[in-house]
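Trainee: I would like to learn how to read the strands and side-chain contacts of a model like this one. Could we go through it together, term by term?

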Amino acid sequence: MASADTQFQLVTFHLGEDLYGVNIMDVKEIVRLQSVRAIPNAPYYVEGIINLRGDIIPIIDLHKRFRIQAMAKEEDDFEGGFIILNIDGNRIGIIIDKVARVVTIKGEDVKDPPQMISGIGSEYIEGVIRQDDIYLIMLNIRKLFNAKELQKIIDNQ
């Protein structure tokens, strides 16, 4: 967790009914939804791969990984897409329901995660931030994919 006197920025997004964030320094870009090609023998939460300007990027479905329901889709306002992350030199995309915004967070506002939030194990959560009447769940992307899992996903491309 960040020290109390630091500030950092999070890219926030919706998965189902909840608001999540990842450190902006780990985000390469945000792209619109596009066709995903399945990968044989991939883990259940790997949706497949996309070709992004000549680079092959594995796409992870956090809905499956966290066992949460996707946001109800309305054709006229659906803003889902992929957040392309850079995890230790490897690019991986995660499916999001809706991008929210970039927010600046003070380290002192980040609270330790409870043992269980919305079905997501606390091992994946860096912290929780209360903003107005909602809670922002800060994900630890390096714990989402351990080194062995990450290598398996990259090798399956």
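Mentor: Let us begin with the elements: helices (H or I, at least four residues) and strands (E, at least two) are DSSP runs, numbered from the N terminus. Arg 65, for example, has its place in helix α1, residues 62–66. This is a predicted model, in which local features need pLDDT of at least 70 and side-chain atom pairs count only at pLDDT 80 or more, while totals for chains, interfaces and linings use all residues. Residues are numbered from 1 along each chain as its sequence is written, and side-chain values use heavy atoms, with hydrogens and water left out.

Trainee: Is Arg 65 buried or exposed, and which side chains make a polar contact with that of Arg 65?

Mentor: Buried means under 20% relative accessible area, exposed over 50%, and partly exposed in between (1.4 Å probe, protein chains only); Arg 65 counts as buried because its relative accessibility is 8%. A polar contact is a pair of N or O atoms within 3.5 Å, where within protein one must be able to donate a hydrogen and the other to accept it, and residues adjacent in sequence count only if both atoms are side-chain atoms. The side chain of Arg 65 makes one with the side chain of Tyr 45 at 3.1 Å, and another, of 3.3 Å, with that of Tyr 124.

Trainee: How many bridges join β6 and β7?

Mentor: Two strands pair if DSSP finds at least two bridges between them; β6 (residues 81–87) and β7 pair antiparallel over 7 bridges, with Ile 83 opposite Ile 94. Strand β7 (residues 90–96) is largely enclosed by the rest of the structure, because 6 of its 7 residues are buried.
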